[in-house]
Amino acid sequence: MPQKKSSEQNGASGSIDAAARGDAALRRDLLREMLLIRRFEERCAEAYAIGKIGGFCHLYIGQEGVGVGAISSLREDDYVIASYREHGQALARGISPRAVMAELFGRVDGCSKGKGGSMHLFDRNVNFLGGHGIVGGHLPIATGVGFAIKYRGGDQVCVCFFGEAAVNNGAFHEALNMAALWKLPVIYLIENNRYGMGTALERASAINDIAERACSYDMPSEVVDGQDVLAVRAATMRALQRARSESIPTLLEVRTYRFMGHSMSDAVSGTYRSKEELEEHMKRDPIVVLRMTMEQEDGWTDADTSKLDEEVKAVVQDAWDFADASPEPPLEALYEDVFVDTTS
Amino acid sequence: MPIITYRDALNQALREEMQRDDRVFLMGEEVGVYQGAYKVSKGMLQEFGEMRVVDTPITELGFAGVGVGAAMVGLRPIIEFMTWNFALLALDQVVNSAAKMLSMSGGQYPMAMVFRGPNGAALQLSAQHSQAWESWLAHIPGLKVVAPGTPYDAKGLLKSAIRDDNPVIVLEGEMLYNTKGEVPENEEVVVPLGQAEVKREGADVSFITWGKMVLVAQQAAEQLAKENIAAEIIDLRTLNPMDADAIASSVSKTNRAVVLEEGWSVAGFGAHVADFVQRECFDDLDAPVLRVHQEDVPMPYAKNLERAAKPDAKKAVAAAKKVLYLEN
Ligand SMILES: Cc1ncc(C[n+]2csc(CCOP(=O)(O)OP(=O)(O)O)c2C)c(N)n1
C-alpha cells in the first residue's frame, strides 16, 4: 500500500495547531456557532412537526463540530459546497439565520428565494455553492471549482462536505481521481456519521477505514475526530496549506455521529442502531467537548454558557419570526430563473 | 463563398469563440493530443494549450460535473462527449445539476456552458452506439437544445450556444461531419437560438425536421418534385425553445404536416411537434399529422435490418403522399 502522505510530514504543523486552538475569544466564537446551529436545528424539528417546513429535512445535530471547525478556517474568497445535510455549513459560512429559515419555510426571502428548500441552500455572497440532493453528485462539481481556481491562477480552496455513504458511488472516484491527477485545490471532507440512512458503513463499504481510499489516488488524507471542533480546524488548516501552496487536494475523514434520525421521517434509534449506541455517542457532544476545554483553559462557566444560549436562542427566534412573516413567492416567480436571457 | 465541411465549421466556431473569450475552454475525451475522436478539435491543443483544451480520463459523469463546477464560478466550459451515447453516464450532471442550478439557487448561479458531441446513428454500429437523444434532452426545463443540419448552422448555432448564459446541448450529426456547405469567410456567422429556417419552399406539404433528417427531407423533397409535389422544409434547428411560429406559418400555407425525426416514436420530440400542430393549426389541417421515425427497436447490426429500422427518404415520401391522399 502506498505510504499515506499525512500532515506530520508538513513542517509547519506546530504553528498550525496553535492557530487552530486559537485563543479564548476564538473558542467562544466556535462555541457560539455550534450552539446557534444546535438551537436552529431544534427549532427546525419543531417547525417541521407543525408543517411550517416540508419535504425532506436532514438535521445536523451532533455534527456541528465538523462544519464549524472546517469553515472557521477558511478565507472569505474560498468556496464551500455541501450535500443536502447543509443547514449547519450554511450558517457557519455566514448565510443569515433569517435567510436560511425563510428558505426552509418556502418563503420569498429565503436564500434561494423559496425555490430550493432545505436541500438546496445557496448564497453567492459568501461563496456557498449549494446544498445538493444527489448523493455524490456535488463531488465532481467541487473538482470543477478547483479546476477553475487553477485555470485562473488563484489560491482559493474549495471545501466539499459529504457523508461517508457517498464514497461508494462512482462520482466519488471520478472526482477524486481527476483532482489528484490535475492537482486541484479541493478538500474532500467526509462526514463519517457511520450511517447512510439505515445502512451502516460496514454494510456498504468493503473498506472500513475509508480514509484509505485516498491511497488509490495517491492523495494525502487524515482521520479526524469530528467531535473536537479544534481538531477539525487543525486538520482543515493543514489541508488548506497544502492546497494553497502546492495545489494538492486532500481527503479528510472526519468521524462524527448524528444524534437525530436520517431525516425528519426517521426514528432516532430502534431499527438500524440501538438506543444504547446512540446514548454512548451522545456522551461526546461536540458542544460539551469544547465547553470542557474552555472551562479548563479559559475560566468559562455555566453562567457564561447560559448567557450565550439565551443569545443564540434569541437569534433563532428572530429568524423564525422573520421567516414566518416573509411572504410566499409570488406566482409570477414560477417561470422565473428557469433560463436567463443574457449572452456574453 | 468557401465550401467547407460540417467538421471544419464546428472547428472554426470553437476556435473563434476561444479566441474571443478566455473563459471558454474545451474539455473531453481525446480532444487534445488525439485531435478529437472525430477531429473536430484538430489543431486546438497546439493553438490554446493544455489548460484550455483538456484531455480527460474516461469519466463522463466526472468531467460533466467538472464543467458544472467551473461554470458555477464563472468559466464557460464546452464539454465534449465522444458521442451522446456515452453522455448517458453524465445525465445526472446535465439534468440534475446544469439544468436546475439556476432555479434551485433562486437565480444566483447561471450555468453558461455547452455540452456537445455527435448524436444519432452512424453505420452498422448496432444498438449501444446508434441513438438519437434529443427527445430526452428537450424534455428538461433549463436546457436549450440545438441540432444543426448544415455546416453553416453548425458554426452559427455552436457560436450562439457558447455565448449563451444558459446550458446548451449541441447535437451534432455523426453522419454529417463530412458533409459540405457554404460558410462565409470574413463575416461573423451566428445563428440565433430558437429560430427555425425554411430550407426549401413549397406549397403542398410541410416537412418539419431538424439535424441529420434535414438531408433526408431534402432527398424526399427532390423525389416529390419529380411528381410535381412541392414540399416545404422547416428546419427547426433549435428544439428547445421551439420556433412555433415558423411551424404554424408553414402549416397554414400547406395544410399538411409530416414530422421527420431520427429517434424512436414513443414520447419522441416529433410527438411534441404533432401535438402543437393539431392544437394550434387545427383549422388549417387537411389531414392528420404523420410522423416518420426510427422503428421502435434497438438498432440492429445487419445492413438490411439497420436500413429497415432507420427513417429514410422513401418513408418520408410515402408519408407525404399519404397526407396528400395520393397513397394509402
Ligand atoms: C444517488 C442517490 N441515491 C439515493 C439517494 C437517497 N438518499 C438520500 S441521503 C441517503 C444516505 C446518504 O448517506 P451519507 O452519504 O452517509 O450522508 P448522511 O445522510 O449521513 O449525511 C440516501 C440513500 C440520493 N439522494 N441520491
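Begin by selecting the shell around the ligand, whose residues divide into 7 nonpolar, 7 polar and 2 charged; here Ala, Val, Leu, Ile, Met, Phe, Trp, Tyr, Cys and Pro count as nonpolar, Asp, Glu, Lys and Arg as charged, and the others, Gly among them, as polar. This is a predicted model, in which local features need pLDDT of at least 70 and side-chain atom pairs count only at pLDDT 80 or more, while totals for chains, interfaces and linings use all residues. Residues are numbered from 1 along each chain as its sequence is written, and chains are lettered from A and ligands numbered from 1 in the order in which they are written.

The ligand is surrounded by 16 residues, and the closest are Arg85(A), Val135(A), Gly163(A), Ala165(A) and Gly196(A) (near means a C-beta atom, placed from the backbone, within 6 Å). Strand S3 (158-163) and strand S5 (195-196) of chain A are the elements that give two or more residues to this shell (strands are DSSP runs of E, at least two residues, and helices runs of H or I, at least four, numbered from the N terminus).

Next, select the open sheet of chain A, where 6 strands follow the order S2-S1-S3-S4-S8-S7 with parallel pairing (two strands pair if DSSP finds at least two bridges between them). Its edge strands are S2 and strand S7 (221-225) of chain A, each pairing on one side only. Zoom in on strand S1 (residues 79-83) of chain A, which 3 bridges join to S2(A), and find Ser83(A), whose bridge partner in S2(A) is His132(A).

Finally, show both chains: 35 residues of chain A are in contact with 36 residues of chain B (C-beta atoms, placed from the backbone, within 7 Å). On the side of chain A that touches chain B, the largest share, 9 residues, comes from H6(A).

Definitions and conventions: Two residues are in contact if their C-beta atoms, placed from the backbone, lie within 7 Å.
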